[in-house]
Amino acid sequence: MQNQYQKYISVPAVVALGTAVLLTAFFELWRGILLVLLESPQPPIPASVWIEAFLVGVRFDFAMASYVALPVYLLAVLPWIGATRNRVSCTILIGFVSIAAALTFFLHLADIEFFRFFNTRLNGMALQWADTPGFMVTMIWQTYPVVRYLLLYGGMLLLFVWLLRRMLRHLSVEGRQSPWWIDLAWLPVVAAILVVGARGRIEEKAPLTWGLAYFSPYDMANQLALNPTFTFLRDAVYDRGSKEETRRVMEAIAFPEADSLVRVTLGMDPISSDSPAARLLRSIWSETEDREPPNIVVVIMESFGSSHIGVLDNLVPYDLTPEFDSLSRDGLLFTNIYSAGSHTYAGILGTLYGYPTIYGKSIMKQIAGQNRFVGLPNLLRDRGYETLFFTTHDPQFDNMQGFLMANGVQRVYSLFDYDQSQKVSTLGVPDHVMFDRALVELKARQGKRWFASLLTATNHGPWVVPDVPFGPLPDSVPDRDRLNAFKYSDWALGRFLRQMAEDPNLRNTLVVVTADNGMLYHPQVDLDPTQYRIPFLLIKPADIHGGTGRQDNRVGSQVDIVATVMGRLGMSYDNHTFGRDLLGDSVPAMACAQFSDWDKVGFVADSLYAIARLDGPSALYRINPASHRLFAQTNLADSLPETAEAYRKYAMAIYTVAYFNIFRPLPHP
C-alpha cells in the first residue's frame, strides 16, 4: 500500500475482505476441478453457459466466504482483541481461517464423487450413513482413488495457507492497527458487504436459496453454480432431516385435497380374488396339475438400471445383460418402471412394502419404522409362508435387519452366515455366493411355503468381481470395473434362476426380478430418469426356455410390485400400499410413477415428466417413449402451466400423504 493512503485504510477491513476474496477464488477453483472431472453432458452445453455458471457461482461462494470473514472482521476490529496487533495474534487469525478452509475444502472434495454419483451437489443425504462410519470409510477406500483425492486436498489447502500468509505479508498488517475513527468509518461498509454477502440477497423476504442457481435450461450447469458447503450446511446445520424441521417442511407443502387426489390417481382400492382378472391370471400363472399357491422369490438387484439392460433402454455400447435378456423372453417384462428413490433402503421399502420414499432421514432408521408397514413379508407370513431375506453384507447397515424383522421378515441371512474367507470387500461376499446359500436354504424347506427376498450388492462400488466365467470386458473398455460388475451380476442372476429351473421342488415358484434403483447415465436434469428406471420381470422357473414371454409397456412403479404379486396369487387382502396391480381390473386415473430424493420429487405420466423442487422452480419435460430419455432439455412449465401445476400436485400429493400416513393425520389449514 502506498504510504499516503495507509492512514485512510482500516486494517480489519482489509484483512476481512481479503480473506473473503481469497476463499471465493479457491471455491471457484474447486468448481473448475469438478467440471474437469465430470463426464461430458449430452447434448453438449455451450461454453457461454459454463462461464455463466462460474459467475453465478461467485454469489454462492462469496456467501460462504462471508461467513468465515465475519468472525475474522470481529477478531480484527475489536480493540481489546486486535487480531493483527502482533505475531501471535496474526498466527491465531491465520489458524482460524486455515481451519475454516480445511473444513470447506473437505466438503468440496467429498462433493466430487457425490455429484458424479447422485447428479446433485453435496447435501444431507451424505449423513444417512453417519451411524455406520467404519462401513462407509471402508467402502469409500475400496471404491475411489482416495490417495489421489487426499493429495489434491492437501495441495489445495497448502496453497491456500501459503497465499493467505503472502496476502497478509503484502498488506503489511502484522503489528499495525489503524486509528479507531478509521475503523469506525469503515465499519458500516464492511459490515454491509459481509452481511449482505452471507445472506446472498438484498431482497427482504428470503435469503439465498439453491433455487437461485437455476439460471439456464441446462441442469448440470445450474448444479455446477452451487457451492457444496452451502448445500450441505443447509441440510446438516439447519438440520432439515430432523423430525421437527421435516414436519414443518411437509406441513408447508401439504394441501387438503392431497389424500383424495392420491386415491383417485393411483386407484387405491382393496384387491379382490373374485375379480375376473384374478381368476384368469391364476389360470395363467399356475399349472393345471399344481393347485398349490406358488412360493415367491423377489430378487432386488443392486443398481441394475434399465439404462444398461439390453432388452430395455441399453444406452451403453456393450452387451451387459445376456442372461436377463434371455430370461425376459420367458416371462412377463414391464418395460416402463421407475424406482421409488436412488438408495437401497428406498428400493427395499418400495419393492417389499409398496411405500414411496418420504422426506427426511431414512424411515428404516427411525422408531416410526417399527411394525408400521404392510407388504409382502407380513401379508405372506400371515398366510402361512415362512419369510426370508438374504443379503451379502452386514445386516445392520441402514438398520436393515431390525426394520425387516419388525415388519414381517422372520429370518435374515447376511455376511455372518457365509464362510468369511469368501468375503471380498466391505459389501461382503459376491452375489453368486449369496445365491448359492439361498438355494441351499430354499431346497431345505421342501414341502413348506416360503417367501424369499434376495438383495445383491456386487454391482456397487468398490465393484470387486470374483474370478468366475461371466465373460469380462476387455481391459481397454473405459470404466471397465463398474461395467464388469454389472455384467457379473447378470451372470449370477441367470445362473441362480437356471439352477432353480433344474430342481423340481423349486419349479412352482413365482420369481420377481427388479432393482433397488437405476443407473445414472449422462444425466440431462438434476433428477434424471436414468437414475430411477428399473426392470420388473415376473417369471416362473418352469417356464424358462419356453419362449412364451411378453412385454407390457405401461408406466409403473416399484411400489406397484406388492399389489401386482398379490394379484397373481389371487389372494384377498386390504391394499395398504401406494401401488396398484398393474394387471388387475382397477384402472387408475392415469398410468404413472412417482419417485423422490431429498427435496426433489419426480412424476411421470403420458410421456411427460415433472420435477417438483421444494426450494426451487418446478419443471416439465417430454420423455421419448423409444429411448425413455428427455426429448430435449426444454422446460415446458411456462408453455404448459396448467399441466405443469397438475403434475406438481400429483407428485406432492403422494409425497405428503406418504409422510403423514406414518407420522400423523394430514393437516388442514
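I would like to begin with the second largest pocket, which is lined by 34 residues, with Glu39, Arg116, Asp479, Arg482 and Leu520 lying nearest its centre. This is a predicted model, in which local features need pLDDT of at least 70 and side-chain atom pairs count only at pLDDT 80 or more, while totals for chains, interfaces and linings use all residues. Residues are numbered from 1 along each chain as its sequence is written, and side-chain values use heavy atoms, with hydrogens and water left out.

On terms: working on a 1 Å grid over the protein atoms alone, a pocket is an open set of points with protein on both sides within 12 Å along at least five of seven lines, a cavity is a set of points where a 1.4 Å probe fits but cannot get out, and lining residues have an atom within 4 Å of a point.

The second largest pocket has a volume of about 790 Å³, a volume being the space filled by probe spheres set on the grid points, which are joined across faces, edges and corners. The elements giving two or more residues to its lining are H4 and helix H18 (480–501), and H4 gives the most, with four residues; helices here are DSSP runs (H or I, at least four residues) and strands likewise (E, at least two), numbered from the N terminus. By class, this lining divides into 16 nonpolar, 11 polar and seven charged residues, where Ala, Val, Leu, Ile, Met, Phe, Trp, Tyr, Cys and Pro count as nonpolar, Asp, Glu, Lys and Arg as charged, and the others, Gly among them, as polar.

Turning to the largest pocket, about 1,300 Å³ of space lies in it, and its lining comprises 44 residues, of which Ala126, Trp129, Met136, Ile140 and Tyr144 lie nearest the centre. Two or more lining residues come from each of helix H4 (87–118), helix H5 (133–143) and helix H6 (146–171), and the lining of this largest pocket has 30 nonpolar, 10 polar and four charged residues.

Finally, Leu29 is found in helix H2 (residues 11–37), and it counts as partly exposed because its relative accessibility is 39%, the class between buried (under 20% relative accessible area) and exposed (over 50%), with a 1.4 Å probe and protein chains only.
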